[in-house]
Every structure is written in C-alpha cells, then in structure tokens.
Amino acid sequence: MMAGPQHFVVVLGWNCNSACPFCVRRELQRSHTGAKHEMTFEEFAAGLERYRPTLKSLALSSFGETMLNRDFPEMIRLLAVRYSHLEAVHVITNGSLMARCYSVGDLPGLLSFSIDSPFRETYEVMRPGLDFGLVMSNLRTMVQRRNHGGRRVGINMAVFDCNRGHVYPMIQFAQATGLSYVHVIAGMGFEGKDTVGPAPLPGDAVVAAQVARARKDFPSVEVISDTFDISPVNRCRMPWTSMDIAPDGQAHPCCRSLAVSYGHWVEGQPWSGDSIARLREQLGSGRIDSAEFVSCATCRWR
Ligand SMILES: C[S@@+](CC[C@H](N)C(=O)[O-])C[C@H]1O[C@@H](n2cnc3c(N)ncnc32)[C@H](O)[C@@H]1O
Ligand code: SF4
Ligand code: SF4
C-alpha cells in the first residue's frame with residue numbers, strides 16, 4: 001500500500017454566488033450539516049504539508065463556488081511556490097470569479113468551467129444570477145492566459161432534460177473556442193426538476209448520438225462522457241490512492257460517500273485508520289457491509 005495519498009479532492013467551502021435549481025448543494029445542506037464551513041488558508045496549508053511527500057495531484061472544488069473562498073488566491077500562490085512538483089491542480093468553478101485569480105492558469109491540470117449550455121437562455125435558467133457574457137469572456141481569457149503547458153481548459157456540462165439536445169452544439173462551441181475537453185455528466189436528480197427536467201439515464205440514445213457525431217466532427221476536443229457511455233467501468237481504487245477532504249477537514253472516501261468519515265486530515269489518522277482499512281478489505285473482497293459503506297454498496301464503480 002502507498003505510504004500516503006497521492007491525490008486529494010479538497011472541498012473549499014459552502015458559499016455560492018448562484019442557486020442552480022439542480023445543485024447537489026441543496027441536498028447536502030440538509031444531510032451534511034457537519035461541513036458547513038469555509039476552509040481557511042491555514043487549514044489548507046497544514047493539511048497539504050502533512051501529505052506533501054506522497055501527494056502528486058489535487059482537485060479543488062466546493063459544495064458552493066470554489067473561487068468564492070476568501071483565501072482562494074492565497075491557496076493558489078502556495079501551490080505555485082511550495083507544490084510546483086505536483087503533476088496537476090484541477091479546479092472546478094462556475095467561472096464567474098476568474099478575475100480573483102487568473103494565476104490558476106499558471107498551474108498544470110484541468111480548469112473546468114461548469115457551463116451547461118452554449119445558449120444564453122438555457123444557461124441563465126440553469127445558473128441563476130450568473131452573467132453568461134462574463135463567464136464566456138472569462139473562459140476565453142483563460143484559454144489565452146494559460147501560462148503552463150500542462151494547463152487544459154474545458155467544460156463540465158451537467159445534462160438534464162432542458163439541455164439534453166445541447167451536447168453537440170456545446171462540443172462544437174468548445175472546438176471553436178480552443179477548449180481541450182468537454183465533460184458530459186449525467187445530472188443527478190435532486191430538487192429543481194420542475195425547472196430543468198429529469199436527468200437522462202446512462203446510455204441515453206439522444207446524448208450518445210450527439211457524442212458520437214461530435215467526436216467525429218470535432219476531433220480536437222476530448223469528450224469525456226463516462227456517466228453516459230455504456231462501457232466496462234474501471235474498478236474503484238480510491239481508498240488506495242486518494243481522499244476527499246470536506247471544508248471542515250474530515251476525510252471521506254469520495255464525493256459520493258460523505259456519510260463515511262476516515263477522520264480529520266490533520267488531527268486524525270485517516271490514511272491508516274480502521275475505517276479505511278475495512279473499506280480496502282471490503283472493496284478487495286467484493287463483500288461490502290452496506291450498513292457502514294452504503295454508497296459503496298450500490299456504486300457502479302466498485
Ligand atoms: C457542486 S459544483 C462546485 C463548483 C462550482 N460551484 C461549479 O458549479 O462548478 C461541482 C460540479 O458539480 C456539478 N453538479 C452540481 N449539481 C449537480 C447535479 N445534480 N448533477 C450533476 N452535476 C451536478 C456542477 O455543475 C459542477 O460541475
Ligand atoms: S454554481 Fe456550483 S455550487 Fe453553486 S449552485 Fe451552481 S452548481 Fe451548485
Ligand atoms: S466504491 Fe464508489 S462510493 Fe465507494 S469510494 Fe469508490 S467510487 Fe466512492
């Protein structure tokens with residue numbers, strides 16, 4: 001087993017400047033009260049320092065808007081100075097606050113703008129309060145301002161009924177804008193179904209046809225659609241490689257498994273504790289105790 005995690009997803013906080021009707025955040029606010037916290041620079045720095053010897057990559061996200069965290073620019077400065085050896089610093093953002101920190105373009109990894117439609121009308125229904133023109137302009141700015149050869153700029157598109165037909169135009173837009181990838185993600189049904197409609201299922205024929213056509217027509221764009229493609233799925237290796245860190249510092253197996261905590265990333269022993277050991281053993285044997293690891297028991301990646 002690895003001496004320490006190679007990858008973290010660090011969830012920086014809760015605050016958001018939008019209120020997307022489909023967002024998982026609403027459900028999490030009810031069910032995951034323990035993490036209503038904004039991670040501070042000091043907490044971030046202490047957590048990373050502890051695992052510095054084994055860490056190879058990082059993803060920065062949020063239960064709200066990633067770049068709204070007060071200390072985000074300082075965190076990025078720390079990564080540039082002390083963690084320049086990391087292979088990737090992925091950032092997922094709604095793209096509205098890029099002016100706070102253009103220097104995310106100086107690090108390697110994926111910079112994912114969550115834009116669910118290339119059409120203003122649909123975008124503004126799905127991302128209330130955000131300025132479509134500003135987000136598109138920020139996207140173009142970051143394509144131009146990439147200062148690291150390994151920085152790739154692309155789109156995260158959550159698909160519901162209201163934007164189900166926009167997959168092909170989105171990939172067309174991505175090629176025209178010089179983007180590297182479009183990640184087409186099956187929406188998960190929480191609230192907001194009245195506004196955005198139900199999420200299409202994995203394997204949805206309308207989405208699959210657009211993805212197939214766009215891959216042929218726009219070959220410079222990588223289309224990632226693992227929640228829609230019906231293909232052999234890689235088995236989950238997360239407890240051997242990575243942890244998800246919530247804003248309050250609790251370490252979890254992954255974003256689908258927030259009910260399970262391995263312990264605090266600085267004060268506890270999450271990587272070598274009993275909880276992660278049981279999950280490794282159970283994922284290895286294929287026999288999951290659904291009372292303890294309820295999300296893993298039904299997960300298609302295990
Ligand atoms: C929770 S957001 C946090 C970062 C930032 N606020 C944003 O929107 O990119 C992370 C990603 O989850 C996606 N997301 C939120 N709710 C979802 C849902 N119900 N189904 C699928 N993806 C969802 C967002 O579109 C975004 O790409
Ligand atoms: S911007 Fe991101 S976190 Fe905020 S409501 Fe929308 S999807 Fe959720
Ligand atoms: S089996 Fe699924 S739910 Fe469990 S840690 Fe892996 S990806 Fe997460």
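**A residue and its surroundings**

Modeller: Ser257 is partly exposed, because 19 other C-beta atoms lie within 10 Å. The cut-offs are simple: 20 or more other C-beta atoms within 10 Å of a residue's own make it buried, 12 or fewer make it exposed, and partly exposed lies in between, with C-beta atoms placed from the backbone. This is a predicted model, so local features need pLDDT of at least 70 and side-chain atom pairs count only at pLDDT 80 or more, while totals for chains, interfaces and linings use all residues. Residues are numbered from 1 along each chain as its sequence is written, while chains are lettered from A and ligands numbered from 1 in the order in which they are written.

Where is Ser257 found? It sits in the loop between β9 (250-252) and β10 (263-264). Strands here are DSSP runs of E, at least two residues long; helices are runs of H or I, at least four; both are numbered from the N terminus. Beyond its neighbours within four places in sequence, Ser257 is in contact with His252, Ser295 and Cys296. Contact means C-beta atoms, placed from the backbone, within 7 Å.

Ser257 also belongs to the surroundings of ligand 3, as do Ser295 and Cys296. Others there include Cys236, Met238, Cys254 and Trp301. A residue counts as around a ligand if its C-beta atom, placed from the backbone, lies within 6 Å. This shell has seven nonpolar, two polar and two charged residues. Nonpolar means Ala, Val, Leu, Ile, Met, Phe, Trp, Tyr, Cys and Pro; charged means Asp, Glu, Lys and Arg; the others, Gly among them, are polar.

Now step away. Ser18 is 239 residues from Ser257 in sequence and 25 Å from it in space, C-alpha to C-alpha. Ser18 lies around ligand 2, along with residues including Cys16, Cys20, Asn94 and Ser114. The shell of ligand 2 has four nonpolar, four polar and two charged residues.

Asn94 and Ser114 turn up again: with Asn156, Ala158 and Met188, they come nearest to ligand 1 among the 20 residues around it. The elements giving two or more residues to that shell are α1 (24-31), β3 (88-93) and β5 (151-159).

β5 leads on to helix α5. Its buried residues pack against β5, β4 (109-114) and α6 (167-177). Those in α5 that are buried are Val135, Asn138, Leu139 and Met142.

Definitions and conventions. Contact = placed C-beta atoms within 7 Å.
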